[in-house]
Amino acid sequence: MRTNQVPKMLAVVMALFLFATGCNTPAKETATQTTDASAMTPEQKQAIEQEISSLVKEFFQQVEKLDIETCMTYFENTPDFQAVNPDGTLGDYDALKKLNADGFSQMKTLSVVPAKEVIRVLTDSLVLYTFSMEQNATLKTGQKMKFEHVAGTMLFTKINGAWKATFYHESAAAPVAVK
C-alpha cells in the first residue's frame with residue numbers, strides 16, 4: 001500500500017522556504033540606551049563633565065594618600081581593561097596595580113599639582129579624560145623628587161550606573177632630584 005507523499009514533500013519544501021527567507025531577513029537591532037554626544041544637550045554634557053571632574057578629583061586625592069586599594073576601585077577589573085604604563089609597558093588591571101603599589105611603597109609623601117584637564121564626552125556612557133600635572137614625591141629614604149611633566153588619559157565607561165576607567169595611559173618625564 002502506497003501513501004501519498006505530496007503533503008509530506010510540500011511540508012518539507014515550505015519549511016525550507018520559511019527557513020531560507022528567515023535567514024535573509026535582517027536582524028532587528030535592539031535599541032540601546034547610549035546617546036551620542038552630538039544628540040545631547042549642553043546641559044547633559046555639562047552634567048557628565050561635572051561627574052567626571054569630581055570623580056578624578058577624588059581619585060587624585062586617593063593617589064596623594066598612597067592608598068593603592070582605594071585608587072584601584074576607580075578602575076574596572078575585567079580582562080578587557082588595558083593600561084599603558086609610564087615605563088612604556090602594556091598591562092592589565094593587575095599589572096597597573098602592582099606597578100603603582102611598588103611605587104607607592106617607596107614613597108613617604110606624594111603631592112599632585114594639576115595643570116590642565118580636558119573632558120570629552122563621547123556618549124552618555126563613554127568619556128575621554130586627559131590630564132597634565134606635576135608630581136612631587138618624598139621617598140622613605142628622605143630623597144625628594146619632582147616629576148615635572150606627567151600626562152595621562154583615562155577612558156571612563158558608565159557600568160551599572162557608576163563611572164569606571166576601562167583604559168589608562170600615563171606618560172612622564174624622568175624625575176628630577178630636588179635638594
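Predicted model: local features only at pLDDT ≥ 70, side-chain atom pairs only at ≥ 80, totals over all residues.
Two strands count as paired if DSSP finds at least two bridges between them. With that settled, look at β5 and β6, which pair in the antiparallel sense over 10 bridges.

β6 has another partner. Strand β1, residues 82–84, pairs with β6 in the parallel sense over 3 bridges. If you want a place to look, find A83, whose bridge partner in β6 is Y168.

Now the chain as a whole. There are 4 helices and 7 strands. Along the sequence they follow the pattern α-α-α-β-β-α-β-β-β-β-β. The chain has 179 residues, and 29% of them are buried. Its accessible surface comes to about 11900 Å², and 57% of that belongs to carbon and sulfur atoms. Take the contacts between residues at least 6 apart in sequence: 56% of them join residues at least 24 apart.

Next, the inside. In soluble globular proteins, nonpolar side chains tend to be buried together. Here, the largest nonpolar core holds 39 residues. Which of them touch the most other members? They are I52, F60, F75, Y129, M154 and F156. The elements giving two or more residues to this core are α2 (42–64), α3 (68–72), α4 (93–105), β3 (107–123), β4 (126–139), β5 (144–159) and β6 (162–172). Of these, α2 gives the most, with 7 residues.

Let us stay with Y129 for a moment. Leaving aside neighbours within four places in sequence, Y129 is in contact with I52, V56, F60, E117, V118, I119, G152, T153, M154 and F156.

One name on that list, T153, lies in strand β5. Is T153 buried or exposed? The cut-off for buried is under 20% relative accessible area. T153 is at 19%, so this residue counts as buried. Apart from neighbours within four places in sequence, the contacts of T153 are L128, Y129, T130, F131, F167, Y168 and H169.

For contrast, go to K57, in helix α2. Why is K57 called exposed? Exposed means over 50% relative accessible area. K57 has 56%, and therefore qualifies as exposed. K57 is also an example of sequence distance against distance in space: K57 and P114 are 57 residues apart in sequence, but 9.7 Å apart in space, C-alpha to C-alpha.

Last, the pockets. The largest pocket has a volume of about 650 Å³. How many residues line the largest pocket, and which lie nearest its centre? There are 29 in the lining, and P86, N100, M107, Q135 and E170 lie nearest the centre. The elements that give two or more residues to this lining are α2, α3, α4, β3, β4, β5 and β6. The most come from α4, which gives 5 residues.

To go back to where we started: β6 pairs with β5 in the antiparallel sense and with β1 in the parallel sense. β6 also gives two or more residues to the core and to the lining of the largest pocket. That is the end of my part.

Note on methods: Residues numbered from 1 in each chain as written. Heavy atoms only, no water. Core = buried A, V, L, I, M, F, W, Y, C linked by side-chain atoms within 4.5 Å. Buried < 20%, exposed > 50% of the residue type's maximum accessible area, 1.4 Å probe, protein only. Contact = heavy atoms within 4.5 Å. Areas by Shrake-Rupley, 256 points an atom, 1.4 Å probe, with all protein chains shown as cover. 1 Å grid on protein atoms, 1.4 Å probe; cavity = no way out; pocket = protein on both sides within 12 Å on 5 of 7 lines; lining within 4 Å. Points joined across faces, edges and corners; volume = space filled by probe spheres on them.
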